[in-house]
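Subject: Structure handover

Hi,

Here is the structure I promised you. Please open it alongside this note. My findings follow below.

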Amino acid sequence: MLFAYMFVDVMSPLQSLIETQRGWSPDAFGYYAGAEYILNVFGFLILAGIILDKMGVRFTGTLSASLMVAGACIKLYAISNLFQGTALELWLSSWWTSMPGSAKLAAFGFMIFGCGCEMAGITVSKAIAKWFEGKEMALAMGLEMAIARIGVFAIFSISPRLAEWISPQDPSVVPPVAFCTALLFIGLISFMVFTVMDKKLDAQLGAKALANDETAEEEFKLSDVANIFGSRLFWIIAMLCVLYYSAIFPFQRYAANMLQCNLGIDATTASDIFRWFPIGAAVLTPALGYFLDRKGKGATMLILGALLMIVCHLTFALVLPKYPTEWLAFSAIVLLGISFSLVPAALWPSVPKIMDKRFLGSAYSLIFWVQNIGLSLFPILIGVVLTASNPGVTDPMKYDYTNPMLLFASLGVLALIFGLWLKTLDAKKHYGLELPNISDDKEEKIFEEEGRTQE
Ligand SMILES: NCCCC[C@H](N)C(=O)NCC(=O)O
């Protein structure tokens, strides 16, 4: 997941460079960014859930990592000089001319990659559930997300520097994308090593018992989909998820350019400010997972996270253009990082509390599916709003980001409403969203199992 998240954002700090180098307008960049989720939205993610439940973690993980490598190679070719001037490039550039041929092929590669990435996401969640069953699952999920966030931090630091690495006078998007493609290949090999370990775990647990468990509890059935879609709680969680994440991941794509435009700084300085967003989340998410395991307050964390996000996006929309200082941008970025720890740390471990255990695998895959609809549409919408709000602006350093940022803030307001609704329902119906995952006697048991005594 570390390398996957690095690949997702490798181009984010290079928006102005790809615009100058390959002629991608903001909406072409938006279409390219949204492409990651298109095939998932058109049903691949549901299929991925079926494949995962039928074929298991090892097969699905290897397949998803291979898809990521294949998609990355296509994207690398699309943005490289090798592709320029080929018959395919000329043909792709000849229709829908506002989207250059390189952007179309890169978007296609990103679609394949996106299938692998989301499939890997549900596979990793299932693998964590398997490896940490009855233990500190929220902490384990928090650590997994923290590692992914470190990837985003790393790529925002490395990408602009790699772009200038070969030729500082003539930077190029190719070295950073090539670097991340190589990392994905290493990721595939790492997953193959994990499959050997996972086989050993199965042998220890008794493969037969495990297989029976999986079939009994997690097999994807069409009737489960109907049950999940009929659940009001599923929709509240899914809406909160799609609204919140649509104001985070698409924002991440435009953040560096937004900071450049507001502060008049170069891409490297903008990335150096923005990279504290994922690193803040990386530090705090496992800590909050630990807190949630022991103290609870999941619904409150969701509300607080949405509130912080609204404050930050409003700051970027209304305050930063008037007071363009790096410390203000930095403070808002750090605050957004705190928000991005609160919501994921509380959201994903809350799902098992409100969904029947039998539906859990399908529930995660369907929440990802709803989320992917937002993640595919919002980068496009933001690109369109940005272009429409800046008629005649051709310099990628001169965009006015007020309207896109207000749109992100309004998503936060809607997410907050769903968070409040969830907390109210929880107070009435006692789903246990505010309760800890590990009760005192469970905790004692873990300590006993580990051969320690609790004071
Ligand atoms: N491709 C990056 C987006 C990942 C979306 C994924 N479905 C997800 O929600 N992951 C959990 C997280 O908090 O990153």
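A helix here is a DSSP run of H or I with at least four residues, and helices are numbered from the N terminus. Please note that the model is predicted.

Lys-297 sits in the loop between α13 (276–295) and α14 (298–319). Lys-297 is not a glycine, yet its phi is positive, about 75 degrees. Most residues other than glycine have a negative phi. Lys-297 counts as partly exposed because it has 18 C-beta neighbours inside 10 Å.

His-430 also has a positive phi, about 55 degrees, and is not a glycine. His-430 lies in the loop between α17 (402–429) and α18 (440–449). His-430 has 10 C-beta neighbours inside 10 Å, so it counts as exposed.

The ligand site

Around the ligand are Val-8, Cys-117, Glu-118, Gly-121, Met-145, Ala-148, Tyr-245, Phe-249, Pro-344, Phe-368 and Gln-371. The largest share, three residues, comes from α5. By type, the shell has eight nonpolar residues, two polar and one charged.

How α5 meets α6

α5 and α6 pack at about 145 degrees, and their axes are 10 Å apart. The crossing of α5 past α6 is right-handed. From α5, the contact uses Val-124, Ile-128 and Ala-129. From α6, it uses Met-137, Ala-140, Met-141 and Glu-144. This contact has six nonpolar residues, no polar ones and one charged.

Best wishes

Conventions:
Residues are numbered from 1 along each chain as its sequence is written. This is a predicted model: local features need pLDDT of at least 70, side-chain atom pairs count only at pLDDT 80 or more; totals for chains, interfaces and linings use all residues. A residue is near a molecule or strand if its C-beta atom, placed from the backbone, lies within 6 Å of it. Helices (H or I, at least four residues) and strands (E, at least two) are DSSP runs, numbered from the N terminus. Ala, Val, Leu, Ile, Met, Phe, Trp, Tyr, Cys and Pro count as nonpolar, Asp, Glu, Lys and Arg as charged, and the others, Gly among them, as polar. Axes are lines fitted to C-alpha atoms, for helices over the stretch in contact, and angles run from 0 to 180 degrees between N-to-C directions. A crossing is left-handed if the near helix is turned anticlockwise from the far one by less than a right angle, and right-handed if clockwise. Two residues are in contact if their C-beta atoms, placed from the backbone, lie within 7 Å. A residue is buried if 20 or more other C-beta atoms lie within 10 Å of its own, exposed if 12 or fewer, and partly exposed in between; C-beta atoms are placed from the backbone.
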